[in-house]
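Dear colleague,

I am handing over the structure we spoke about, followed by my notes on what was found in it. Please read them with the model open beside you.

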Amino acid sequence: MASKRKHAPDDNNGAKVARVKTESKFVDGSILKLKVRDFLTYSECVYDFGPGLNVLLGPNGTGKSSVVCALCLGLAGAQNLLGRAREIGDFVRHGQEEAWIQVDVFRQQGNIRFERHIKRENNISHWKINRQPATLKKVQEAVAQLHIQLDNLCQFLPQDRVVDFARLSPPELLKATEKAVGDASMFNNHEQLIELRKREKDLQVKACRNTEELDRLRHQNSLLDRDVQRYQERQQFMLQVRDLENKRPWVEYEEVRTEFSEARQLVKDAKGHLDQLRQLHEPMRIKQENAKKREKQLQVESKQAEKLVEGAKSKCMRISQDLEQLDEEMSEPAQRLDTARRQEADRQQKVTTAEQRIEQLQKDIDEVVSPKQLKPQLHEATARLRDVNTRVMRLQQQQTTLRQEQEPQAQQIATVEKELGRLEDVSNRRFQQLRQADRDTFNAVQWLRSNQDRFKQHVFEPVLLVVNMKRAEDSCFFEQVVGYGTLITFVCQNDDDLKLFCQLVRDNQGLRINAAAVPDIRMEDIRKRQQDMQAVRQRYDFRASLLDLIEGPEGVLRFLCGKSRIHETLIGTDRTESNVDRVINESPLTVFCTPKSLYFIKTSHYGERNKSTQVSSIKPGRFLNVAVDTQHRDTLQAELREVREAMENGRLQIEQLRDEERQVRVESANLKKQKDALQAQKDKRSGIDNQLALAKKNLQRYLSQSVDLERVEREVTQALAKTNQKRTETAYDMSQCVKKMLNLSNEKIRLELQRLQLNMLEDFLSGQCDVASTGLKEAEHNFDELEKRSKSLKEQAKQKHRQAKQMLGIREDKPSADVIAVFNKFPSTLIEIDDMIHDLKARADLNYHTDPKVVEEYEKRKEEIEKMEQSLDTEKDDLQGLTTEITEIKEKWLDPLKQLINKINGKYGEFFSKLGCNGEVQLEENDDYDKYAIRILVKFHTSQKLHVLTAQHQSGGERSVATMLYLMALQELTTCPFRVVDEINQGMDPNNERKVFEFVVAAACRPGTSQYFLITPKLLTNLKYTENMKVHCIYSGPEIHQSHNGSFDPHRLVKQLRSAQ
């Protein structure tokens, strides 16, 4: 752990500042002093900075980059600018709950002090300005007034963002340069040009679109001009039709009113004629009524006579029925005698037939085998058939059992396949997450899947797509240790494929992706290293290494071990958390995790090799938190194979049983045929025996049924004599009854003749009355019809009058003079009006009917065309004004920018020439101002050509030199109060590092230049120093050498080190 560090004698706070006399003066915004307490590795520390170059020198892990973090956070910079912890609370020193930062800034009208209190709990910060509470917004405003730009990598370049500076796109580098060294208006003018150009393009697109729309509307209306003209002509015709239709009800009304007057006179004439006919009809009606009365009297007498005749007739009918009954009684004995004779003949015939049948059946029995002889054969066939059927039933039962066994197996297969599908869906979910998080990487994956064959060996997709967590809850450790950049890295298995992949994806397609090659490290060495760490794992209760928690292709695992050392990163338990101090101080681990925290341990390479620790909280995983349970997947796949094999075996057994069943059924059919043949023989003999017994029984019954014909003949003769006597007596009664009926019938005929005579008279009188009555009814009907018609015409006239007034919308009984004048232009009869209406409608129909909606749309489009023409004129004026404004602002912006780039290019080329190399800074122009860019071109070797500075074409050391020299080129042109560069000299060769340092000293120590902070873990020997620079030597350790007065004595330390050497 970092101990409390002591500083200069006046502050006694932990870091020795080598003071040199300086005549330089601070500029507004320069840092005077920095104080921290319980911040990252510092318990407490104070820094006093000079106005020129400040070199912070110290071994790795002593807290140099912590100073950069303190400056950034103390001046209201966002923690994401540092590329380290995500939460502000992670900057509090391990084991403490609160941290404090104080930054004193120079200002001519009075220095300003910023203070920030950071609480780990809830990630809360409190601010003060000059010891007075303030808000974050006020602090940011005060910092901005001092022209401090912490988000500008040209001014503030912390260690963890050096790569970000190298990855700045050319347009981003231009903006950063403008903000860093341009005047106040340059960057604003650039932003304004970008916005104005965007508005200009939008206006151009809008004007073009509106012009096309205007042409389209004009064209549409031109197509409808003739139709609209015809529509208007048709409307004129229809207006005339409307006037005619308005006049027509008035003409109808006049005609109906005239007709009503005529009908009223006809009603009066019909009433007089009706009264005359009624006077002539009355005498004839009285004679007719008298004849009707006499006819009714005769009709009554005739009905009485008819009743007497009917009574006599009924009595004759009864006597006749008695005679018929006696005739039937006389025929019945004869029929009985005939029936007895037929029955006897039939009986004798049946006896003969029965005897013949018995004789034939006796012959058939002799020809058929006896049942006793068939019984053994039939028993044997039945037993064999029973056995065969039993075998069939057993085979069917076996098949049913196998099918029942396969039903749960089929369900099991469906369940397993569904579960496997759910597990496989995890990969697609991660792919969609990648699409949202990094579109360039997503597009590169899609391209790789279609072009994998272009590489020598398989190129692995980003780590997050090919690696799987054995347990999803462990994803938080893996993602936080390896980092997002590693998660989206493509892994190539050789350098040639890596170079080709970067060229095809980065250079050709312009996709910003991460790619790396598998390092030269073997899995055997990795496993051996894990075995060597087994004692540490057991001692501090680490449950696994990060490598043990994941699965993936071997090449990717080797890459992760080489890049992030996941095989040496151990995952602890709650017990590890409680012993974290022992783990840090006693174990050789550099990275480890507990359930809640991630620890990075740095060990100094000097002195007693003291340790410093960076702690951050474990955050939930974003991508790998949904993992595939591979053990469960393998188990499911094995289970699926086993069940499918079992189902296939069952299917084969069922097929075998079906074949056997078919064979047994053939045998069963043959046996059944044999049994049926034997049974048929048995049934035939049994049938003959039964028929013989029945024939003998019938013969005995026929012999016992003989008839006594003599007795029947005597009984029939006696019955006929008795019935004949009764018939004679009934015939006499019949003759007497007929005589009486004839006398009554003659009386009835006399009365009926008289009634007929009266009826003829009545008919004559009725005819005369009918003729008179018909004339009367016709007259009455004519009168009624005329009266009805008169009333109807009166109502029609009223209705026509109402309709005519309603058609014109008036209450008066007559139209106005204007309407009458219009009506007078048209014919005055209905026929002429209807003809004219028909003619006008026909002429209107010749102009085919245009939809009113089309005409309405035509008028709307016409209005829209007028509005759009006005709008288009306005847009053209706006566009002209915008173009003029862009031209004016461009003249103010571009010329100074070109001058600035020329100055930067001159300094940049001068610095490179002193290194024996070439470097240029160019301004790349474009029609779109957001695509204006700075291109840095460098050449480090004489055999090379100038090439754009990228991570793919230059080494890390070469990029560091190029970046440092670019910042130095900005130094003399700077408008910012200070500049911070952290460990940018790492990777440089000694010659370049020495020259770059000399450039920095020369540029940063000149009077009038801005303050400069250079952070480095080491310096070369025999460097040139000036009085305008300060070297801050940072020491770290549990014990600091003390002088006699208790303050730190660097001279004593130097002596001891020299004596030790």
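Buried here means under 20% relative accessible area and exposed over 50%, with partly exposed in between (1.4 Å probe, protein chains only); helices (H or I, at least four residues) and strands (E, at least two) are DSSP runs numbered from the N terminus.

This is a predicted model, in which local features need pLDDT of at least 70 and side-chain atom pairs count only at pLDDT 80 or more, whereas totals for chains, interfaces and linings use all residues. Residues are numbered from 1 along each chain as its sequence is written, and side-chain values use heavy atoms, with hydrogens and water left out.

Five of the five residues of strand E4 (residues 53–57) are buried, so the strand is largely enclosed by the rest of the structure. Leu53, Val55 and Leu57 point one way from E4, and Asn54 and Leu56 point the other way. E4 pairs (at least two DSSP bridges) in the parallel sense with strand E23, residues 1011–1016, over five bridges, where Leu57 has Thr1016 as its bridge partner. Five bridges also join E4 to strand E24, residues 1029–1033, again in parallel, and there Leu53 is partnered by Met1029.

Best regards
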